[in-house]
Amino acid sequence: MPLVSKIKHRLASLLFKLAPWLAVSLRVEYPHKSDNRRFLENDIFRYLDSKWLANESTQCLFIGTDKRTWHYRSRFRAKFFTIDNNPRKARYGARHHHTVGSAVELESYYVPDQFNVIIANGLIGFGVNEINQCEDLFAGLAVVIKRTGLLVLSYDNRPSHVNFRLEDVKNYQLFEKFVPNNDGLEHSEYEFGHHIFVFLRLRCGAP
C-alpha cells in the first residue's frame, strides 16, 4: 500500500475510533482490503446495481453493519435496509431504515415478500454458529425475500467457526443456487480461502 494510502487508512481508523458519528457525517470510508471484500464491493455490487437494484421501487436488506460497511447504503438507488443486533452499530446502519435486532428473527421485523435482494455477509461462522440458528436464519430469509428475489450469502467454512455443513441445514434446502451469467459472474459460488460467496434463489415449490 502506498504511503499516502496508509496514512489515510490510519487517519480513518483513528477517526472512527474517537468519533464514529463524525466519521460518518464526513462520509469517511474505511473499507476492508481483502480479496473477498473487493469482490463484494466491486463485482457483486456492480451486478446488483445493474440488474436488481436500479430504481427506488426495489428494496435491499443488508444483514450486519459496521464502520466498514456504512457507505454501502449510498451505492444503490434502491431503498436500503440494515439490521444488526448490536445497538452501538446503529450509527452505521441505513438512515431511517435500520433495525436493532437478530438475523435469526427476521420475521419479527419485516413483512413477507418484502425484499428484492438480501445480502447476508459474514454471518455464518461469525455469530450464527449453531445449526439451529441457521435453521431460524434461513426460515426467516425464505419469508421476507420475494419469490423472485436474490440472496447473496457469504460465510466462513472453517471447522473452527462452524461444526456443520451448510447442506445439512434443513431450511437451506428452501433455496437453490443461482448463476448470474452477467458482468463476468459465471458461477453460483465463489471461494476466497475459507470465505465462500453463493448466489441463491427460493426453490420452486418452497412454502
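View 1. A pocket is an open set of points on a 1 Å grid over the protein atoms alone, where a 1.4 Å probe fits, with protein on both sides within 12 Å along at least five of seven lines. Rolling a probe the size of a water molecule over the atoms shows where empty space is left. The lining counts 31 residues; a lining residue has an atom within 4 Å of a point. Gly64, Asn121, Gly122, Leu123 and Phe126 lie nearest the centre of the pocket.

Residues are numbered from 1 along each chain as its sequence is written, and side-chain values use heavy atoms, without hydrogens or water. In this predicted model, local features need pLDDT of at least 70 and side-chain atom pairs pLDDT 80 or more, while totals for chains, interfaces and linings use all residues.

**View 2. Strand 4 at the pocket and between its partners.** Strand 4 (115-124) is one of the elements that supply at least two lining residues. Strand 4 gives the most, with three. Strands (E, at least two residues) are DSSP runs, numbered from the N terminus. Strand 1 runs parallel to strand 4, joined by four bridges; two strands pair if DSSP finds at least two bridges between them. Phe62 stands opposite Ile119 of strand 4. Strand 5 also pairs with strand 4 in the parallel sense, over seven bridges. Here Val117 has Leu150 in strand 5 as its bridge partner.

**View 3. Asp156 in strand 5.** Asp156 lies in strand 5 (residues 145-156). Why does Asp156 count as buried? Asp156 is buried because its relative accessible area is 3%. Beyond four places in sequence, Asp156 is in contact (heavy atoms within 4.5 Å) with residues including Phe126 and His194.

**View 4. Asn86 in a loop.** Asn86 sits in the loop between strand 2 and strand 3. The side chain of Asn86 reaches the backbone nitrogen of Arg88 at 3.0 Å.

Definitions and conventions:
Buried means under 20% relative accessible area, exposed over 50%, partly exposed in between (1.4 Å probe, protein chains only). A polar contact is a pair of N or O atoms within 3.5 Å; within protein, one must be able to donate a hydrogen and the other to accept it, and residues adjacent in sequence count only if both atoms are side-chain atoms.
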